[in-house]
Amino acid sequence: MADKKMEQLAINNIFTPMNNEATIDQRHSGNHKSTALPAGAVAPDFTLKSTPDQTVSLSEFRGQPVVLAFYPADWSPVCGDQMALYNEILPEFQELRAELIGISVDGVWCHTAFVRDRKIRFPLLADFEPKGAVAKLYGVYREADGTSERALFVINPEGIIHWSYVSPVGVNPGAEGILSALEELQNKKEAK
Amino acid sequence: MKRETSSIPSNALTLPAVKRDHIQGLIDAPIALVEYGDYECPFCGQAYPIIKAIQERLGDRLCFAFRNFPLINSHPHAQHAAEAAEAAGTQGKFWKMHDLLFENQEALDDEDLAEYASTLGLDANRLIGEVLAGIHTARVREDFRSGARGGVNGTPTLFINGVRHEGGLDTLLAALIERGS
């Protein structure tokens, strides 16, 4: 079987792992200026639905670090999917006492199906009505697409943005930046 | 709370570490390729023969290391498969098991793992016993953590001389040759 695969490779390997959409998006994203709220800004409070009958407010998590992960939409490809990756890395976030929250403009029923299918173990909030209102508060709404940017915010226990990052929409930013920011917060706390 | 520290130096997370990693080729080869992979991930399965072909092509110029990055929510057999390869490693046959697992991605339940151990002439009871007892769980987790901190954003993620390879597998050989020259 392996030999056969190698032959195929020798003929013409057109396979591109999970980054194929990334390269396209990178090409098209240009150098638009980010309007995302920067480090040092107060993280605007919000309340959004996480399920049809439950809501989550940012202020509930005062006293612990919060990671807000805005992403364009549910149902992106499995292996390269950002939320699926964070689901795997969740124990690392939890060890750093951080609460992870995903936000997209998808509605609660869409999130419910996505959470069930991908076994997501952290809340996904519906920034659905008025559409993108929270993304706009954080300066990460893409008017032309009607979705949010792929943007990350690490908020400190006092509710101040400690770190923010906007990734090209098609590029999965991974968890490295979040983990570094959370470790900085942890170190600050220990130094006190 | 003190965090457990990885034995992989933090400034070289994505370079092969001679004392802990499973390595093919010489550690001081000019080109170092590190794969973070998952035995149940179909994309890693597609990468497997390609990397093999590249190893053959580059010979002594390439050092290849494999680290575990099992996506256990998507791939229910990935964790045990990773631990089975580590367990085979303690019996001297990590790479043989690594290869068998990628060649049999559709059959990775515990019985299959025991069967592969027997096929390789390993002590299958010991191997599956170690897997079930979680003897190698920490090691696999350590690989995973180094990946999460090093910029792994899916599987497979490949690093060439410590730098993440952003292109596809079709550009891997060219990228390896370029970095190694």
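A: Two residues are taken to be in contact if their C-beta atoms, placed from the backbone, lie within 7 Å. The model is predicted, and the packing described below is computed from it.

Start in chain B with helix α2(B), residues 78-90, and helix α3(B), residues 94-103. For α2(B) and α3(B), the angle is about 150° and the axes are 7 Å apart. Angles over 145 degrees count as roughly antiparallel, and the two helices are therefore roughly antiparallel to each other. The crossing of α2(B) past α3(B) is right-handed. On the α2(B) side, the residues that meet α3(B) are A81(B), A84(B), A85(B), A88(B) and G89(B). Their partners in α3(B) are F94(B), K96(B), M97(B), H98(B) and L101(B).

Helix α2(B) also packs with α4(B). Here the axes come within 10 Å and cross at roughly 20°. Angles under 35 degrees count as roughly parallel, and α2(B) and α4(B) are therefore roughly parallel to each other. This crossing, too, is right-handed. The residues of α2(B) in this contact are H80(B), A81(B), A84(B) and A88(B), and those of α4(B) are D110(B), L113(B) and A117(B).

In general, an α-helix has 3.6 residues a turn, so residues three or four places apart point the same way. After α5(B) comes G134(B), whose phi is positive, near 70°.

The other helix to examine is α6(A), residues 176-191 of chain A. Its 16 residues reach 22 Å from the first C-alpha to the last, close to the 22 Å expected at 1.5 Å a residue. I178(A), L179(A), A181(A), L182(A) and L185(A) are its buried residues. Seen down the helix axis, they fall within an arc of 165°, so they line one face of α6(A). In chain A, that set packs against β3 (66-70), α3 (82-95), β8 (150-155) and β9 (161-167). It also packs against α6 (137-150) of chain B. N187(A), E190(A) and A191(A) are exposed and sit on the face turned away from the buried side.

Chain A as a whole contains six helices and nine strands. It has 192 residues, of which 40% count as buried. Of its contacts with a separation of 6 or more, 67% are between residues 24 or more positions apart.

Some loop residues deserve a check on the display. P38(A) lies between α2 (20-29) and β1 (47-51) of chain A. It has 12 other C-beta atoms within 10 Å and is exposed. Leaving out residues up to four places away in sequence, P38(A) touches I161(A) and S164(A). In chain A it runs from E129(A) to P130(A), with omega near -5°, and P130(A) is in the loop between β5 (124-126) and α5 (133-137). In chain B it joins T155(B) and P156(B), with omega about -5°, and P156(B) lies in the loop between α6 and β4 (157-160).

Positive phi values occur at two non-glycine residues of chain A, R97(A) near 65° and K119(A) near 55°. R97(A) is in the loop between α3 and β4 (99-104) and counts as partly exposed, with 15 C-beta neighbours inside 10 Å. K119(A) is in the loop between α4 (108-118) and β5 and is exposed, with 12 other C-beta atoms within 10 Å.

Terms used: Residues are numbered from 1 along each chain as its sequence is written. Chains are lettered from A and ligands numbered from 1 in the order in which they are written. This is a predicted model: local features need pLDDT of at least 70, side-chain atom pairs count only at pLDDT 80 or more; totals for chains, interfaces and linings use all residues. Helices (H or I, at least four residues) and strands (E, at least two) are DSSP runs, numbered from the N terminus. The expected span of a helix is 1.5 Å times one less than its number of residues. A residue is buried if 20 or more other C-beta atoms lie within 10 Å of its own, exposed if 12 or fewer, and partly exposed in between; C-beta atoms are placed from the backbone. The arc is that of the directions from the helix axis to the C-beta atoms. Axes are lines fitted to C-alpha atoms, for helices over the stretch in contact, and angles run from 0 to 180 degrees between N-to-C directions. Angles under 35 degrees count as roughly parallel, over 145 as roughly antiparallel, 65 to 115 as roughly perpendicular and the rest as oblique. A crossing is left-handed if the near helix is turned anticlockwise from the far one by less than a right angle, and right-handed if clockwise.
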